[in-house]
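Open the model in your viewer and keep the selection tool at hand. We will go stop by stop.

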Amino acid sequence: MSINYNTPLFKKTVVVTGKLQNYTRDGIQNKLLELGAIPVNSVTKKTDYLIVGEKAGSKFAKAQNLGIRILTEEEFEGIIAQ
């Protein structure tokens, strides 16, 4: 796997929650790694982005409370298309 160093997500901590339309759980994790992001499983104040799918639960609420940037799957794809 080659890492793209010129993406807006490079060295950003990213959490994914909910069911995504275009990615499996492993697929989104691999995509984030390719983009140079740091995929993690839990939302903390150090999280840069939360990508949300259908039925996003407590991670979504926690990210809102912490003021973390929340992206829909479409917004995520728009960012990586730049």
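Start in the loop between strand 3 and helix 2: select A56, which lies there. (Helices, H or I of at least four residues, and strands, E of at least two, are DSSP runs numbered from the N terminus.) This is a predicted model, where local features need pLDDT of at least 70 and side-chain atom pairs count only at pLDDT 80 or more, while totals for chains, interfaces and linings use all residues. Residues are numbered from 1 along each chain as its sequence is written, and side-chain values use heavy atoms, with hydrogens and water left out.

Stay on A56. Its relative accessibility is 27%, so A56 counts as partly exposed. (Buried means under 20% relative accessible area, exposed over 50%, partly exposed in between, with a 1.4 Å probe and protein chains only.) Show its contacts, meaning heavy atoms within 4.5 Å. Leaving aside residues up to four places away in sequence, A56 touches T17 and G18.

Next, select strand 3, residues 49-52. Are its faces covered or open? Both are covered: Y49 and I51 on one side, L50 and V52 on the other, are all buried.

Strand 1, residues 13-17, pairs with strand 3 in the parallel sense over four bridges. (Two strands pair if DSSP finds at least two bridges between them.) Look for V15, which stands opposite L50. Strand 4, residues 69-72, runs parallel to strand 3, and four bridges join them. Here Y49 stands opposite R69. Now trace the chain from strand 3 through helix 2, residues 58-66, to strand 4: this β-α-β crossover is right-handed. (That is, with the strands pointing away from the viewer, the path from the first strand over the helix to the second runs clockwise.)

Move to helix 1, residues 25-34. Select K31 and E34, three residues apart, about one turn of the helix. They form a salt bridge, with the closest N and O atoms 4.0 Å apart. (The rule asks for a side-chain nitrogen of Lys or Arg within 4 Å of a carboxyl oxygen of Asp or Glu.) By this rule the count is one. E34 is partly exposed at 32%, and K31 is partly exposed at 27%.

Finally, zoom out. The chain has three helices and four strands, in the order β-α-β-β-α-β-α. Its C-alpha atoms fill a box of roughly 35 × 25 × 20 Å along the principal axes. Of its 82 residues, 35% count as buried.
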